[in-house]
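Colleague: I would like a close look at a single part of this model. Please take the place where the two chains meet and go through it step by step.

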Amino acid sequence: MRSSVLRVLAGHSLRRRLGGWRFLGALALAALPGLQLILTWRFGDDVELFPIYRSYVVPLCLYFLTPFATMLTMLPVVGELYESGAVGYLYTRPTPRWASLLGLYLGAEAALVLVLAFGAFAPALFGLTVEPGGDWLRVAFGLWAALALGGLAYGALCLFLGVWSRRAILWALFVLVFWGAALGSLPGSLRSWSLHHYLFGLVRHWCDVEDAFSGMFPPIDSPPGVLRSVLVLLAAAAVGLGLTSALAERKDVAA
Amino acid sequence: MTPPALRCVGLCRWYGEVQGLSGLDLEVEGGVVGLLGPNGAGKSTLMRLVTGLARPSRGFVEVFGRRMDRPGRHEVFRRVGYAPGEDVHFETERARDFLTILAVLGGDAPGAARRRADAALELVGMEEFAAKRLDAMSKGMRQRIKLAQTVLFEPELLLLDEPLNGMDPVNRRRVMDLVREWGREGRTVLFASHVLHEVEAVTDRVVLLHQGRLLAEGRLEEIREIADERPRRVELDTDHPREIAAEALEADLVDGVSFPGGDLLVLETRSLDRLLTHLERYGEGGWISALEVEEADLESLFAMMVDEGVTR
């Protein structure tokens with residue numbers, strides 16, 4: 001398998017994502033954390049924005065932006081090709097199916113990473129403008145890196161769901177919102193079964209965010225380390241891609 | 001011994017309780033073979049089974065001796081070109097970029113892929129639309145792009161699923177000429193259509209499918225005799241429906257004319273060949289943007305053949 005196959009399919013996938021209404025929807029979602037910061041600055045009484053960024057914008061990106069932007073961007077990547085039967089154009093080439101899927105996935109991930117960058121950096125740049133100094137960019141970069149890794153993992157699962165079910169949106173809500181964001185913020189050890197637990201581990205280390213997120217979620221006594229979190233998220237991405245590939249070998253392309 | 005281009009053995013496919021294809025035994029090698037049947041006969045199901053896009057419920061397909069339900073089947077697509085019945089759907093791409101992507105998937109480096117894409121566009125007469133986005137094209141133009149992607153690598157086996165749907169008369173003629181030429185060159189072409197006239201125009205070898213079963217094989221003349229007694233409908237999308245209808249009536253080419261609304265014109269004829277030849281000049285003048293030949297009664301024609309015992 002040649003890298004040019006991945007390159008052309010990733011390019012196609014990225015163009016398709018950037019040209020669709022879903023991308024605008026995801027950008028609108030990504031604008032909300034920045035909007036929150038602007039409203040706080042405009043209507044708050046003598047507030048310091050940097051602590052607000054860490055305490056509210058970061059969790060908003062983590063628990064709201066990541067799952068919904070990922071669903072909007074990644075669910076249709078292969079799902080819509082299956083539904084229309086157009087995936088047949090790719091599967092009737094002398095290229096393994098997994099390579100086609102990987103190319104499409106990488107392009108869509110690039111679009112998702114752009115959305116997540118907007119969500120993390122736009123409020124930080126606004127904060128830096130009205131409140132110079134502080135660790136704005138370091139924290140924003142840490143947040144973006146963590147969200148991008150989360151997007152890799154959840155994106156691969158969305159790819160699988162898109163191929164697996166015509167009701168992928170319902171399954172994605174369950175996997176990303178319930179199993180991900182909700183289970184990942186429960187007290188006790190159950191949360192360690194959720195990918196969001198490891199996303200939080202990264203945010204904790206890279207953004208110096210307090211355990212309790214200002215009371216929004218229960219504290220975590222021992223958040224996972226960076227290496228473990230990165231490995232778990234990458235492994236989840238690999239599992240998602242592996243499942244997608246295995247399913248694509250067996251599943252019929254619709255009439 | 002060299003295996004045939006295509007071989008189906010006891011091929012069955014069910015969709016739940018619905019029978020898509022039932023016990024098909026078929027060998028195809030060299031030249032153009034028409035796969036004829038009414039909608040729902042199993043033509044597209046067969047195409048998807050042959051290309052590995054669907055898995056058989058029972059039996060198997062071999063393409064150039066390789067089983068299509070086994071891993072590694074993608075290798076066979078170096079020798080196969082497939083035009084699916086589904087629309088192109090890569091609508092955000094320009095024609096040349098779409099074909100370049102598929103040429104890279106076929107094994108070309110990007111530069112060579114672009115040259116190959118241009119050559120394929122030229123072959124189907126679409127070179128001047130290379131930079132046009134697919135979603136800005138008519139259905140007939142996208143059909144030609146579909147055909148261009150099929151022949152990118154000059155395949156030995158071509159699988160064409162209703163390739164003439166939505167094409168104007170001039171391009172129908174052009175594509176039919178191409179198909180005949182490929183057949184003469186010794187390629188194997190499986191040409192699926194629900195329109196008897198289309199199949200007849202490219203080959204005299206047919207496989208007739210009806211309700212998922214092989215009804216007959218290689219006996220086109222007999223079907224022709226039965227079909228000739230039945231009128232066929234030609235639906236045109238045109239800016240000049242009344243002028244075209246008047247001239248067709250005057251030339252005694254049609255038995256009935258109707259104007260269902262908008263720019264649509266429906267002609268009923270028992271002289272389809274003559275009518276299509278007559279319509280070509282309107283197509284060349286840009287009066288006709290789409291043309292469909294409907295054989296709404298093909299289902300009943302096939303039922304009649306079953307009753308009359310026309311089997312292989």
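How much area do chain A and chain B bury between them, and what percentage of it is on carbon and sulfur atoms?

Modeller: This is a predicted model. In it, chain A and chain B bury about 3000 Å² between them, and 57% of that area is on carbon and sulfur atoms. On the side of chain A, the residues that lose the most area to chain B are Tyr89(A), Arg93(A) and Pro94(A), which together make up 26% of what that side buries. Counted by residues, the contact draws 32 from chain A and 34 from chain B.

Next come the polar links. The rule finds 4 salt bridges across the interface of chain A and chain B. One of them may be looked at by name: Arg13(B) pairs with Asp252(A), and their closest N and O atoms are 2.4 Å apart. Polar contact across the interface of chain A and chain B involves 10 residue pairs, with both residues of a pair at pLDDT 80 or more.

As for where the chain A side comes from, the elements of chain A that give two or more residues to it are α1 (3-18), α4 (76-84), α5 (88-91), α6 (97-130) and α10 (226-250). Of these, α1(A) supplies the largest share, 8 residues. Sorted by class, the side of chain A that touches chain B holds 13 nonpolar, 8 polar and 11 charged residues.

One residue of chain A deserves a separate word. Thr95(A) sits in the loop between α5 and α6 of chain A. Thr95(A) counts as buried because its relative accessibility is 4%, and the cut-off for buried is under 20%. Apart from neighbours within four places in sequence, Thr95(A) is in contact with Val5(A) and Ser100(A) in its own chain and with His74(B) and Leu105(B) across in chain B.

Finally, the partner chain as a whole. Chain B has 10 helices and 14 strands, and 55% of its 312 residues count as buried. The C-alpha atoms of chain B fill a box of roughly 60 × 55 × 35 Å along the principal axes. The radius of gyration of chain B is 20 Å, which agrees with a compact globule, because a globule of 312 residues would have a value near 20 Å. Among contacts in chain B between residues at least 6 apart in sequence, 69% join residues at least 24 apart.

Methods:
Residues numbered from 1 in each chain as written. Chains lettered and ligands numbered in written order. Predicted model: local features only at pLDDT ≥ 70, side-chain atom pairs only at ≥ 80, totals over all residues. Heavy atoms only, no water. Contact = heavy atoms within 4.5 Å. Buried area = accessible area lost by both parts, 1.4 Å probe. Salt bridge = Lys/Arg side-chain N within 4 Å of Asp/Glu carboxyl O. Polar contact = N/O pair within 3.5 Å; in protein donor to acceptor, adjacent residues only side chain to side chain. Helix = DSSP H or I, 4+ residues; strand = E, 2+ residues; numbered from the N terminus. Nonpolar A, V, L, I, M, F, W, Y, C, P; charged D, E, K, R; others polar. Rg over C-alpha atoms; globule rule 2.2 N^0.38 Å. Buried < 20%, exposed > 50% of the residue type's maximum accessible area, 1.4 Å probe, protein only.
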